[in-house]
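Here is a short briefing to read beside the structure. Keep the 3D view open and find each residue as it comes up.

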Amino acid sequence: MNCEVAIILDHKYEQLQQTSDDPMNQVSQVFEKSLQYVKRFSRYKNPDAVRQVREILSRYQLAEFELCVLGNLCPETVEEAIAMVPSIKTRGRAHDDEAIEKMLNDLSLIKKFE
C-alpha cells in the first residue's frame with residue numbers, strides 16, 4: 001500500500017541524510033518524487049494505523065493486489081469495493097456483502113482515529 005511504501009522510503013531518506021558526509025548531499029530526484037507521491041496519496045500516516053489496516057485486510061484472505069487497492073482507495077460502500085475489486089465476489093472465497101461491510105467498517109474506524 002502507498003502508506004507502507006511511504007514509511008519505508010521515509011526511513012531510507014532519514015538513513016541517507018544521517019550517513020551522508022556532505023550535508024548538501026541530495027537524494028535522487030526520482031527518490032524524492034516517489035516519496036512525495038506516496039506521502040500525498042497515503043490514506044494512513046500513523047505507522048500503527050498502517051499495521052492495523054494490513055492486519056484487518058489480511059483476515060479476509062485477500063490477494064496482495066486486492067489488499068493494496070482497498071487499502072489505498074478506501075471504498076466506503078460495498079458497491080464501491082466490489083466495483084474496485086470485483087474478484088472479492090467472484091473468487092472461490094466469495095465474500096458476502098455482510099463480510100465486506102464489516103471489513104469496510106473496521107477500516108473506517110481506523111480512519112476516524114487517525
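**The nonpolar cores**

The largest nonpolar core has 23 residues, and Tyr44, Leu57 and Leu62 touch the most other members. At least two residues of this core come from each of α3 (47-58), α4 (64-73), α5 (78-84) and α7 (97-112). Another core, of six residues, lies apart from it, and its members include Leu9, Val27, Phe31 and Leu35. Keep in mind that this is a predicted model.

- In soluble globular proteins, nonpolar side chains tend to be buried together.

**Helix α1**

- Helix α1 covers residues 2-19, which makes 18 residues.
- From its first C-alpha to its last, α1 reaches 26 Å, close to the 26 Å expected at 1.5 Å a residue.
- Which residues of α1 are buried? They are Asn2, Cys3, Glu4, Ala6 and Leu9.
- The cover over these buried residues of α1 includes α2 (29-40), α3 and α4.
- An α-helix has 3.6 residues a turn, so residues three or four places apart point the same way.
- Valine 5 also sits in helix α1. Valine 5 counts as partly exposed, at 35% relative accessibility.
- Lysine 12 is another residue of helix α1. With a relative accessible area of 39%, lysine 12 is partly exposed. Lysine 12 and phenylalanine 31 are 19 residues apart in sequence, and 9.9 Å separates their C-alpha atoms. Phe31 is one of the residues in the six-residue core.

**Where α3 meets α7**

- The axes of α3 and α7 come within 10 Å of each other. They cross at roughly 175 degrees.
- Angles over 145 degrees count as roughly antiparallel, so α3 and α7 are roughly antiparallel to each other.
- On the α3 side, the contact is made by Ala49, Gln52, Val53, Ile56 and Leu57. On the α7 side, it is made by Met103, Asp106, Leu107 and Ile110.
- How many residues of this contact are nonpolar, polar or charged? Seven are nonpolar, one is polar and one is charged.

**Alanine 49 in detail**

- Alanine 49 belongs to helix α3.
- Is alanine 49 buried or exposed? Its relative accessible area is 7%, under the 20% cut-off, so alanine 49 is buried.
- Not counting residues up to four places away in sequence, alanine 49 touches Tyr44, Ile110 and Glu114. Ile110 is part of the α7 side of the helix contact.
- Alanine 49 and lysine 111 are 62 residues apart along the chain. Their C-alpha atoms are separated by 8.2 Å.

**Two residues with positive phi**

- Most residues other than glycine have a negative phi.
- Glutamine 61 has a positive phi, near 50 degrees, and is not a glycine. Its place is the loop between α3 and α4. Glutamine 61 is exposed, with a relative accessible area of 56%.
- Cysteine 74 also has a positive phi without being a glycine, at about 50 degrees. Its place is the loop between α4 and α5. Cysteine 74 is buried, with a relative accessible area of 6%.

**A residue of α5**

- Glutamate 80 is part of helix α5.
- At a relative accessible area of 35%, glutamate 80 is partly exposed.
- Where does leucine 70 lie in relation to glutamate 80? The two are 10 residues apart along the chain, and their C-alpha atoms are separated by 9.8 Å.

Notes
Residues are numbered from 1 along each chain as its sequence is written. This is a predicted model: local features need pLDDT of at least 70, side-chain atom pairs count only at pLDDT 80 or more; totals for chains, interfaces and linings use all residues. Side-chain values use heavy atoms; hydrogens and water are left out. A nonpolar core is a set of buried Ala, Val, Leu, Ile, Met, Phe, Trp, Tyr and Cys residues joined through side-chain atoms within 4.5 Å. Buried means under 20% relative accessible area, exposed over 50%, partly exposed in between (1.4 Å probe, protein chains only). Helices (H or I, at least four residues) and strands (E, at least two) are DSSP runs, numbered from the N terminus. The expected span of a helix is 1.5 Å times one less than its number of residues. Contact means heavy atoms within 4.5 Å. Axes are lines fitted to C-alpha atoms, for helices over the stretch in contact, and angles run from 0 to 180 degrees between N-to-C directions. Angles under 35 degrees count as roughly parallel, over 145 as roughly antiparallel, 65 to 115 as roughly perpendicular and the rest as oblique. Ala, Val, Leu, Ile, Met, Phe, Trp, Tyr, Cys and Pro count as nonpolar, Asp, Glu, Lys and Arg as charged, and the others, Gly among them, as polar.
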